Amino acid sequence: MMPGQQQIRGLVGALLSVLGSVGVYAAAEEPSADLTLIYTGAARGIERDVYQYNLAPALERSLQEASVRSVRMDHGVLAQGAHLLWADDHTWDTVNGFLDAGDPTCGPSTMGFASMTETDLLWAPSVPVQVDEHPLVPVVVRSCEAGGHEVTWLRTGEEQGEPLWNLEAFDVREGVVVDTEQGTAMLVGLPRQEASRRFQRIAYLRSKHPEALFVDAGNFVDGASLAHEDVLSPYRALGFDMLRRLYPDALVPGELELASGPARFLEEAAWLPYVATNWSSEDPSLELPDHLWMKVPSEDRAWNVLLLGIIDPVVAVRLPELQRQGVTLADPLEATQEVLERVRKERGEPDAIILLSDGSPQLLGELRQKVRGVDVMLGDRTGATYRVVEDTVAFRQTSREVKAAPVTLPMDGVAVAQLDLVPRKGVSRVRMMPSLVLATDPRDHAITSQVSALRAATYPQLSGVLVPGGLQGVLRPPDEQTWDKLVCEAVRHVAEADVAVIRRPEPPSDTVGPLTALKVARLLPGQVQVERHRVDGDRMKNVLHQLASDQLVACGADLGSLSPVVRGRSVQTDRTYWVASTDTTRLTTVAGPILDGGSAGLPLQLPKRTVVTDERGAELTLQKAVMDQLEVWKGQGRLPEVMQRTPRDQQREWMFRINRLGLNLSGFKGMNQEPLSQIPDTLVTSRSSFTLGGEFEGRIEYSSVPLTWDARLRARYASTYISGEEPSETADELSLSTALAAPVWAFVVRDAVRVSPYGQLLFESEFTANEDAEGNKLPFRSNAFVTMGMATNRYKWLSFSRLGFFVGQSLSQIDDKGADWGGRFEAETRLDLLRPASLQWTTFWDVRLYGDTPVQNDSDLRFRGLFETRLSLRLIRWMQASTWLQTLAVRGRVPENDVWGVSLTIGVSIELATAFQLNPRDPDPPKRLTSTPP
């Protein structure tokens, strides 16, 4: 215990008594205990007020029959005791101008009644509201003017006189303004756990329990500013000052405390008793104690209390400045057990072991299950205890070596825990009593004045509406599902990703009215980074299936499905997908290892994971990404469209596919020795030869809801050069085609197989003219076809199929003969034999049946069927080794060539094969954003 701390506590208590605030709190007589804890945790600083509107449902029911014109938020409502003040135009300019002008002139008083609960006040003089069981209180309302600025002044209760007309004397609260044809209703929120009142409640409890320990489990102060990017909150210094005035016994630094970096944090936290059990640093100036040992006096003895503090290792990932300055956060389980064993050897068995942490639920669960010897943990973040008056738990006494923490006490604000101890064996009973802090409680005027001044400077920038009210009801904000979708789509949009998967955000369930920038900033943590993860197409189905979890929210794809779609299309194994997420999602949910396993990590590939940055190169946070994007969508009027999106909605997409790009070279140098010509060995007797071959197949595709289009180039050439002979062609093919289909006119034939009309233009040719057996040059093959028919969409293993009627013309014999006609069938299949698709089997079919024409000769065909099958083994993401077979079957249609002919080609090749999306993944992409490897 700090020297002189007992005397300081007495002075604090005496001062509070003199001020007369002690008697305000009504409390029953509490039984004595061996050890009393006053504890807090996860307060999240001063900027994040907590509101709960009990009168909102009654007001909304009443407004169903009213003609509502608008619903607005007013973040500049001022409160001072029984006095409320708001600008008639509900802007900060009017509030500040009125108070700066001074000497207001107020009109006559209007008497009335308002509905009031401990969480809100409703003033609706012109709107009939049925408030049912909620009480009515008398109010006096006056209109005041100063410097040309008009405000409304409302006074509740029997208090007389005027308020102090300066900003520092007022609290800043929020209000919901509903304008109807009948009049205006004003719903004012009364915050819980407000900073100055929370401070005063802790000070009161300290005076009431001078022997108690005051501890905080982390995140007491503010981190990043809500109003300014990449700037620390202006409330930080005030938060540390509040702690110093409360003389805490043990504090744990949370993510918000460490937001400034370890060195600056230790400067800000000078003389405060911070403890971090899993903190280590080679720099002595950055060290923190790994435990605190205290002797706490009671009536008949002094108790030895061991206090431990755990920082979630996720903080080190989200705050890289820790590592840059040489601070390491060790494994919490190992660090805790090591410190427990060491302290017991050095000091003996303590009477109570208390562990503090504001870590994730997963970390607290592991600590609770696996750490042996801890009596009580503080760290359960829940809102359920707002309805709890007290809770008592009695423990069985067992050996510390075999028991985990029997209870984790919740942290909802301020609470008192009374512990009964058994010497050197631990806690036998815990009595926990939450201490709800309401807006009607006494406040600390020094804190109030600073907070009000800061809010007056920052709130005007955060008062703009991002999501209008009335989406699900007049007063209701977006429901949980809609809010999840808005946040998820904003992350997907700014990251320019196909899919976004994020940890489920905190819902706006306790708010009413439209979502302003301030509300959104309070809902979303400021330190969470937006990331992009590369997922190979051959692993995408498995990734989406594994990501199904109640913890996660997804957009752009449906999770858990055996046949998922991504942005309205089946998963394509030959392309790369981008999945947007956040560092918190990766580190605290099942998504981390799943996304990390979404790509093979082979050489010459893009990074598996990148951090999204803005135009200045600064890492983009979830808070800023969502706030900026909601502002853009609201200005464009696209919020309804975004809220209605589903994973099966198609957006336009341009793709460039390289199905294969290969070059085959082989050479053989023979001996060419006549004396050896009778030796029966091919390598001895064969003549020197050289074989050159290459092939390319690629296409550009466009797809959208009304139509799809592609342009395809297919080329193959191979020639064998044998010493002493003319070169011999074994393959010579050039094919250019373009096809247009209209899915908007499609009809479903089975499951998700849709058939739509299509048209195609095809040009077929060769690189060089062939020769017949006598060496005569044959006509240069050059044909053009127009095909019309029906086509199917991509479905499972079927890439496409087309059946149609064609008309063709030989461009090399235009003067000799007319056009050909007939029917044509094309199809392509892709089947993954191993998952991920390291082994793939593809087939291609092109079958044509020709009709009779007036002019025919022995160059005309009745049937032409090309079939190709290929087995490809992926070596790296964009390269594969293939073995393939191609067969061509033809039959002529005149007596001179009415025979069947079949050719067969077998080959092995190494090929490039990949796909690229050419257009942005959103119709309106953010040009300012980039992504960099972490």
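The exercises below, each with a worked solution, concern a predicted model of a protein chain.

**Exercise 1. Describe the chain as a whole: how many helices and strands are there, and what share of the residues is buried?**

Step 1. The secondary structure consists of 19 helices and 45 strands.

Step 2. The chain has 934 residues, and 54% of them count as buried.

Step 3. The exposed surface comes to about 40600 Å², of which carbon and sulfur atoms supply 56%.

Step 4. Take the contacts in the chain with a separation of 6 or more: residues 24 or more positions apart account for 72% of them.

**Exercise 2. Decide whether Glu194 and Arg197 form a salt bridge, and whether each is buried or exposed.**

Step 1. Side chains of opposite charge can pair when their charged atoms come close.

Step 2. The cut-off for a salt bridge is a nitrogen-to-oxygen distance within 4 Å. The closest N and O atoms of Glu194 and Arg197 are 2.9 Å apart, and the pair forms a salt bridge.

Step 3. Buried means under 20% relative accessible area. Glu194 is at 8% and therefore counts as buried. Arg197 is at 6%, so Arg197 counts as buried too.

Step 4. The search of the whole structure finds 61 salt bridges.

**Exercise 3. Find which parts of the chain are tied together by the salt bridge of Arg660 and Glu868.**

Step 1. In this salt bridge the closest N and O atoms are 3.5 Å apart.

Step 2. Arg660 belongs to strand S32 (residues 653-668) and Glu868 to strand S42 (residues 861-876), so the pair ties together parts that are 208 residues apart in sequence.

Step 3. Both Arg660 and Glu868 are buried.

**Exercise 4. Name the residues of the nonpolar patch on the surface, and state which strand gives the most to it.**

Step 1. The patch is formed by Trp797, Leu831, Leu833, Leu834, Trp841 and Leu871, with about 560 Å² of accessible area together.

Step 2. Strand S40 (residues 820-834) gives the most, with three residues.

Step 3. Leu833 is found in strand S40. Its relative accessibility is 42%, so Leu833 counts as partly exposed.

**Exercise 5. Work out the strand order of the open five-stranded sheet, and which strands stand at the edges.**

Step 1. The order is S14-S15-S17-S18-S20, with mixed pairing.

Step 2. Strand S14 (292-297) and strand S20 (408-410) are at the edges; each has a single partner strand, so one side of each is left without a neighbour in the sheet.

Step 3. From one strand to the next, the twist averages 30°.

Step 4. Strand S18 (residues 376-380) pairs with S20 in the parallel sense over three bridges. Asp380 stands opposite Pro410 in S20.

Step 5. Helix H9 (residues 332-347) packs on the sheet and touches S14, strand S15 (302-310) and strand S17 (352-357). Helix H10 (residues 361-370) lies across S15, S17, S18 and S20, at about 165° to S18.

Terms used
Residues are numbered from 1 along each chain as its sequence is written. This is a predicted model: local features need pLDDT of at least 70, side-chain atom pairs count only at pLDDT 80 or more; totals for chains, interfaces and linings use all residues. Side-chain values use heavy atoms; hydrogens and water are left out. A salt bridge is a side-chain nitrogen of Lys or Arg within 4 Å of a carboxyl oxygen of Asp or Glu. Buried means under 20% relative accessible area, exposed over 50%, partly exposed in between (1.4 Å probe, protein chains only). Helices (H or I, at least four residues) and strands (E, at least two) are DSSP runs, numbered from the N terminus. Patches are made of residues with over 30% relative accessible area and no salt bridge: like charges are joined within 9 Å, nonpolar side chains (Val, Leu, Ile, Met, Phe, Trp, Tyr) within 5 Å. Accessible areas come from the Shrake-Rupley method with a 1.4 Å probe; for residues, only the protein chains shown count as cover. Two strands pair if DSSP finds at least two bridges between them. Axes are lines fitted to C-alpha atoms, for helices over the stretch in contact, and angles run from 0 to 180 degrees between N-to-C directions. Contact means heavy atoms within 4.5 Å.
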